[in-house]
Amino acid sequence: MALVDELAELAIEVAREAGGLARLRREEGVAIAATKSSIADIVTEADREVETLIRSRLAAARPDDGFLGEESGGDRGESGITWVVDPIDGTVNYAYGIPAYAVSIAAVRGEPAPEQWEALAGAVFSPPTGEMFHAAQGAGAWLSGRRLEVNAHPSAAGALLATGFGYNPATHAGDLARVGRVMPMARDLRRIGAASLDLAFVAAGRFDGYFERGLQPWDHAAGALLVIEAGGRFVRVDLADNPDRPLFVAAGPGVFDELLAATASP
Ligand code: LIP
């Protein structure tokens, strides 16, 4: 079996088990364990428990790999491969009981930095719906045995788009200005609250495009590979006002350039 396929199979297996634990804890009742950078940036005990499960399963299967997780940080392995993990993406939705959250697991090669890594495999599992989106480098993106393709929507005019807003309220004026530039040309806008699902939906043709500033590596590592393997484009753009808060844009080829032009300014 090719390495990318082996990594994808492991990502799928662990994401499914981890998603089952997340769903169980949700049904039992979820408490916010801590607030991180802002009132919107929270962590639950389930986030921590699910990431611990994921980390232990991956280490048991591939002990020489590195790990980079939202809740437990990272360590470099010996194999040159790093697992980039968001145990519960859409944490606020999860805490409020909104059925829009996912387990995101990606395997990357090289430096564990988004602008340098090579994505090899990824899985985005949605426990509320049971949908497993997955991809292996060069082998396409898939959902329930169906190969995914981004929409062939010919332009940003009339496109169904999605976005998100960062945790820092000081950045919301720019985010809302960006929405103001996009809305006049869009069919409509959705804000799901889980970047990995936003990206999976672009790959599946449920959105024509997605844009958001300030995503963390674990938010987009798996979803970006889904988009690319589904024939879409994904880019990270440093903006002049704050290069440490890059803009991410994902879309099909007909929408991408116009969407990037409309969003790639502070
Ligand atoms: C979330 C992202 C979402 C963004 C939220 C938050 P988390 O990740 O998936 O797109 O708008 O602000 O960053 O914190 O739920 O893992």
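The centres of domain 1 and domain 2, taken over C-alpha atoms, are 20 Å apart. The contact draws 40 residues from domain 1 and 24 residues from domain 2. This is a predicted model. Domain 1 covers residues 3-147, and domain 2 covers residues 159-264.

Eight strands make up an open sheet, in the order E4-E3-E5-E6-E7-E8-E9-E10, with mixed pairing. Strand E4 (73-75) and strand E10 (146-147) are the edges, each pairing on one side only. Further in, strand E5 (residues 81-89) pairs with strand E6 (residues 102-109). That pairing is antiparallel and runs over seven bridges. Ile81 has Arg109, in E6, as its bridge partner.

Two helices pack on this sheet. Helix H1 (residues 3-28) touches E5, E6, strand E7 (118-126) and strand E8 (131-136). The direction of H1 makes about 30° with that of E7. Helix H2 (residues 45-61) touches strand E3 (66-69), E4, E5 and E6. Its direction makes about 155° with that of E5.

Arg62 pairs with Glu6, and their closest N and O atoms are 3.0 Å apart. Arg62 sits in the loop between H2 and E3, while Glu6 belongs to helix H1. The two residues are 56 residues apart and link distant parts of the chain. The count for the model comes to 18 salt bridges.

E14 and strand E15 (residues 247-251) run antiparallel and are joined by five bridges. Within that pair, Val237 has Leu247, in E15, as its bridge partner.

Between the sheets, look at Ser155. This residue is in the loop between E10 and strand E11 (159-163). A polar atom of the Ser155 side chain lies 3.1 Å from the backbone nitrogen of Ala157. Leaving aside neighbours within four places in sequence, Ser155 is in contact with Gly254, Val255 and Glu258.

Return to the interface. The size of an interface is often given as the accessible area lost when the parts come together. Between domain 1 and domain 2, the buried area is about 2,300 Å². Carbon and sulfur atoms give 66% of that area. On the domain 1 side, Asp89, Val124 and Phe133 lose the most area to domain 2. Together they account for 19% of what that side buries.

Polar and charged pairs also span the two domains. Two salt bridges are counted between domain 1 and domain 2. Seven residue pairs are in polar contact, with both residues at pLDDT 80 or more. Which elements of domain 1 give two or more residues to the side that touches domain 2? They are E3, E5, E6, E7, E8 and strand E9 (141-143). E7 supplies the largest share, seven residues.

Technical notes. Residues are numbered from 1 along each chain as its sequence is written. This is a predicted model: local features need pLDDT of at least 70, side-chain atom pairs count only at pLDDT 80 or more; totals for chains, interfaces and linings use all residues. Side-chain values use heavy atoms; hydrogens and water are left out. Two strands pair if DSSP finds at least two bridges between them. Helices (H or I, at least four residues) and strands (E, at least two) are DSSP runs, numbered from the N terminus. Contact means heavy atoms within 4.5 Å. Axes are lines fitted to C-alpha atoms, for helices over the stretch in contact, and angles run from 0 to 180 degrees between N-to-C directions. Domain bounds come from an automatic or database domain assignment. Buried area is the accessible area (1.4 Å probe) that two parts lose on being put together, summed over both. A salt bridge is a side-chain nitrogen of Lys or Arg within 4 Å of a carboxyl oxygen of Asp or Glu. A polar contact is a pair of N or O atoms within 3.5 Å; within protein, one must be able to donate a hydrogen and the other to accept it, and residues adjacent in sequence count only if both atoms are side-chain atoms.
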